[in-house]
Amino acid sequence: MWTLAVLSVLIASVAILVAAVDSGHCREWVIRFFALRIGRPIEVEGALEAHIWSLNPQVIAERVTIGNPPWMPSGRTAEIGKLSIVIKLHGFGHASGIVGLNMEATKLYLQRDPQGRANWQLTDPSKGGGEENVPIVRSLSMPNAHVVLEDALRHLSFQGTVSAMDVNAAGTVQPLRIDGAGQLNGKPVSFEISADSLVAASHQSPYHFTFAEHSSGSKLEGRGLLPRPFDFNLLDATFEAAGLDLKDLYFLTGVTLIDTGSFHLSGKVSRRGAITTFSDLAASTGQSDLRGGLSINSSSGRPRLDADLSSETLRSRDLGARAAGRSSEPESPLLLSDAKLSINVLRRGEAAVNFRAHRVDVGRLAVHEVSAKARIDHGVFTVSPLSAEVLGGTATGHLKLDARKEVPAADVDLKITDLQLAQVGRKASQDPSIAGLLQARVTITGAGSSVHQVAASANGTVRVQVPHGEIRESFAELTGIDWRGLGLLLSHNKVQIPLRCAIADFKADAGTLTAQSLIADTEPVLISGEGRIHLDSEALDLTIRGHPKSLRLFRLRAPVLLRGTLGHPSIAIQESKSALVIVDPGRAKDANCAALLAEENSGP
């Protein structure tokens, strides 16, 4: 629409003077003069007719070529096989204007660079000036124009046909309709625009329109207005989109989004020059939802995003290629999410995002009341502060991801306080096997663009402690594998005994956690351990030993092996022919919990 309006200015500039001097005189001089005036090369290779003895003079030209303006690379903006333009001359009570514009066998070659300079603009954008005063074409006919669009600013590439018409077969004027079909960003697309009649359009009144686009199983529909026709730097609209995968909206809008399952999206959009604001956004996919607003400022070479978003529920399983049905791989057994951030997005622009969510499901872990402030600054992504409620406790921390490097570098500092062990892996109807308030600190560096990738390359420390709590007596006794523990287990004994303290201190090296200290002290048994956790595969390789503090009969001095994965652990007993003892005097002593906890608390 902008292109048609600008073309009409250029064509009218030539046509009015041609009509005044008649088509047989000064043809080349007139064309050359106005080409210089408007700063674009113009060629008319075919016939040029002028019918001037009328209140509405008409000019007909064949094989018209209009070149690019000087702020764009050399080339063509338009080729028109046959052009017919009807002009209203200035008179009493009315201004001059274009009564009708008919273009046949038209080809449009439209370009816009990343800085926003376009060959359809009337004036050099670097020198200011607007497009608000372009003349209104009162009747338009452009059947089956071939259009090639390369828009680097909005990441749109289109080849196809576009028709614009505001008269029907009987010649009656009707609302403007623009239809198009072709390839947009590599996928088939069709679109329709219906707008107010051009006859009644005015620069003093809003101009209304509706639109609909369809591509790759997605549709985008809406309605809006131009507050000051035909200044396309000002726009207000509402929209609604739906489809099989949110990422497919790239083929309609040029905006890179994430893979999802079937989605629905609605909102309002307002453009004021280089600033586009989206408000009342509401998106849903699966059981996940997102609401809020955002604005994009594209006045510089690096677009800036400011957003305030919230969610009632957000699930990682509703996002990604698997949710979109585009991955044939089975569901990941990993507890740590492998959903990846888009590195290109981090490197291309700036952002400041406030996010809140009542519940976020990351794999099989549910966290509540999530609050985060995220920033992107020249390729560096930070989340600080970050807070959430995890299993009755609180998690706080910060994350830094430097995407300026070929492989992004991550720095994570996460602190967990008062996590309720009784809620870990327990159904509501079950009594907890262990209870207490867990404290943890994770300080690691790593590389990658997902939680799993960073963990699989982690270096640093992971420290966990339970200052006091309770543990099921049968479980504590079974770590020593004796007759008493077996009896408690077989009798389904659920008696809880005090847990004096528990400490786990791991060193992370290239994604492997190695236990530096692993102790849990109960009244009857001192439990110690050693081993590793491989975060790449999330495999457990831990050995647990129970040391009784009093006499035990028929004790099997064989360690308990903790295997499986973080998400699906398993327990086995190490085989040994000489492990059975009839009487174990039980000489283990209480751990010095105060010293162990003090040592843990002295860490970073």
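1. The disulfide. In this predicted model, the link between cysteine 501 and cysteine 593 is left-handed, with -75 degrees about the S-S bond. The two sulfur atoms lie 2.1 Å apart. A search of the whole structure finds one disulfide. Cysteine 501 belongs to strand β25 (residues 496-509) and cysteine 593 to helix α8 (residues 593-601), so the bond ties together parts that are 92 residues apart in sequence. Both cysteine 501 and cysteine 593 are buried.

2. Nonpolar cores. The largest nonpolar core comprises 108 residues. Those with the most contacts inside this core are Leu101, Phe158, Tyr207, Phe230 and Phe506. Apart from it lies another core, of eight residues, which includes Ile503, Leu526, Cys593 and Leu596. As general background, nonpolar side chains in soluble globular proteins tend to be buried together.

3. The aromatic pair of phenylalanine 158 and phenylalanine 191. The count of aromatic pairs comes to three. One of them joins phenylalanine 158 and phenylalanine 191 in an edge-to-face arrangement, at 5.9 Å centre to centre and with 65 degrees between the planes. The pair links distant parts of the chain, since phenylalanine 158 sits in strand β7 (residues 156-167) and phenylalanine 191 in strand β9 (residues 187-195), 33 residues apart. Phenylalanine 158 has a relative accessibility of 5% and therefore counts as buried. Phenylalanine 191, with a relative accessible area of 16%, is buried because this value falls under the 20% cut-off. Phe158 is also one of the residues with the most contacts inside the largest nonpolar core.

4. The aromatic pair of phenylalanine 239 and phenylalanine 278. These two rings likewise form an edge-to-face pair, at 6.1 Å centre to centre and with 85 degrees between the planes. Phenylalanine 239 is found in strand β12 (residues 234-243) and phenylalanine 278 in strand β14 (residues 275-285), so the pair ties together parts that are 39 residues apart in sequence. Phenylalanine 239 is buried, at 12% relative accessibility, whereas phenylalanine 278 is partly exposed, at 23%.

5. A charge over a ring. Arginine 76 lies over the face of tyrosine 109, at 4.5 Å from the ring centre.

6. Threonine 106. This residue is located in strand β5 (residues 97-112). Threonine 106 has a relative accessible area of 2%, and it counts as buried because that value is under 20%. Leaving aside residues up to four places away in sequence, threonine 106 touches Glu79, Ile80, Met142, Ala145 and His146.

7. The protein as a whole. The secondary structure amounts to eight helices and 32 strands. The protein has 604 residues, of which 43% count as buried. Of the contacts between residues at least 6 apart in sequence, 51% join residues at least 24 apart. The accessible surface comes to about 30,300 Å², and 57% of that area belongs to carbon and sulfur atoms.

Key. Residues are numbered from 1 along each chain as its sequence is written. This is a predicted model: local features need pLDDT of at least 70, side-chain atom pairs count only at pLDDT 80 or more; totals for chains, interfaces and linings use all residues. Side-chain values use heavy atoms; hydrogens and water are left out. Helices (H or I, at least four residues) and strands (E, at least two) are DSSP runs, numbered from the N terminus. Buried means under 20% relative accessible area, exposed over 50%, partly exposed in between (1.4 Å probe, protein chains only). Contact means heavy atoms within 4.5 Å. Accessible areas come from the Shrake-Rupley method with a 1.4 Å probe; for residues, only the protein chains shown count as cover. A disulfide is a pair of cysteine sulfur atoms within 2.5 Å. Rings of Phe, Tyr and Trp (its six-membered ring) pair if their centres lie within 6.5 Å; planes under 30 degrees apart count as stacked, over 60 as edge-to-face and the rest as tilted. A charge sits over a ring if NZ of Lys or CZ of Arg is within 6 Å of the ring centre and within 35 degrees of the ring normal. A nonpolar core is a set of buried Ala, Val, Leu, Ile, Met, Phe, Trp, Tyr and Cys residues joined through side-chain atoms within 4.5 Å.
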